[in-house]
Amino acid sequence: MADDKTKRGGADRKLIALTEKYEVAYWSKKFKVTPAKLKYAVKKVGHSARKVEEYIKLQKHRAADKSRIALGEAYEVRYWSKKFKITPARLKAAVAAAGHSSKKVEAYLIAQKAAKKKKKTKKTTKKTARKKTSASRK
């Protein structure tokens, strides 16, 4: 779809012409996407700038939403508990402590595991020390 340079009204401003480099550069900068993503969006929903903007916002929202844990959805709880190899109750506790970000929950669980391992090694060293002292007393 070629850009008609004689039309300068609102109707022309509302359309994205992929054949014009300056328009692709302008719209991709305005929507904060790469030219390739802009072209894909135009092919998906048409040349209307409003429709393209809505599509891009929806895609960004979906991408951001993928890394969040929604405890209100049973399938999400099943998915994330299986992924982290923990029980749903433990997942809910981790989300309460670290927030809904999957990255933060994962970091929290790793820290919990490390702390538990450190505590366990501390106990075993205390037990071996007690055995040595009791053996030396005999």
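How many helices and strands are there in the protein? There are seven helices and zero strands, where helices (H or I, at least four residues) and strands (E, at least two) are DSSP runs numbered from the N terminus. This is a predicted model, in which local features need pLDDT of at least 70 and side-chain atom pairs count only at pLDDT 80 or more, while totals for chains, interfaces and linings use all residues. Residues are numbered from 1 along each chain as its sequence is written, and side-chain values use heavy atoms, with hydrogens and water left out.

**Overall build**
- Going along the sequence, you get the pattern α-α-α-α-α-α-α.
- Of the protein's 138 residues, 22% count as buried; buried means under 20% relative accessible area, exposed over 50%, and partly exposed in between (1.4 Å probe, protein chains only).
- Take the contacts (heavy atoms within 4.5 Å) with a separation of 6 or more: residues 24 or more positions apart account for 23% of them.
- The protein exposes about 11100 Å², and carbon and sulfur atoms supply 57% of that; accessible areas come from the Shrake-Rupley method with a 1.4 Å probe, and for residues only the protein chains shown count as cover.

- Side chains of opposite charge can pair when their charged atoms come close.
- A salt bridge here is a side-chain nitrogen of Lys or Arg within 4 Å of a carboxyl oxygen of Asp or Glu, and by this rule the count comes to two.
- One joins the side chains of R50 and E54, at 3.2 Å from N to O.
- R50 and E54 both sit in helix α4 (residues 49-65), four residues apart, or about one turn of the helix.
- E54 is partly exposed, with a relative accessible area of 46%.
- The other pairs the side chains of E53 and K57, at 3.8 Å from N to O.
- E53 and K57 are also both in helix α4 and four residues apart, again about one turn.
- E53 counts as partly exposed at 31% relative accessibility, whereas K57 is exposed at 54%.

**The positive patch**
- K85, R90, K113, K116, K117 and K120 gather in a patch of positive charge on the surface.
- Patch residues have over 30% relative accessible area and no salt bridge, with like charges joined within 9 Å.
- Lys and Arg count as positive, and the place of a charge is taken as NZ of Lys or CZ of Arg.
- Helix α7 (residues 102-137) gives the most to this patch, with four residues.
- K116 lies in helix α7 and is exposed, with a relative accessible area of 64%.

Key:
Patch = residues over 30% accessible without salt bridge, like charges linked within 9 Å, V, L, I, M, F, W, Y side chains within 5 Å.
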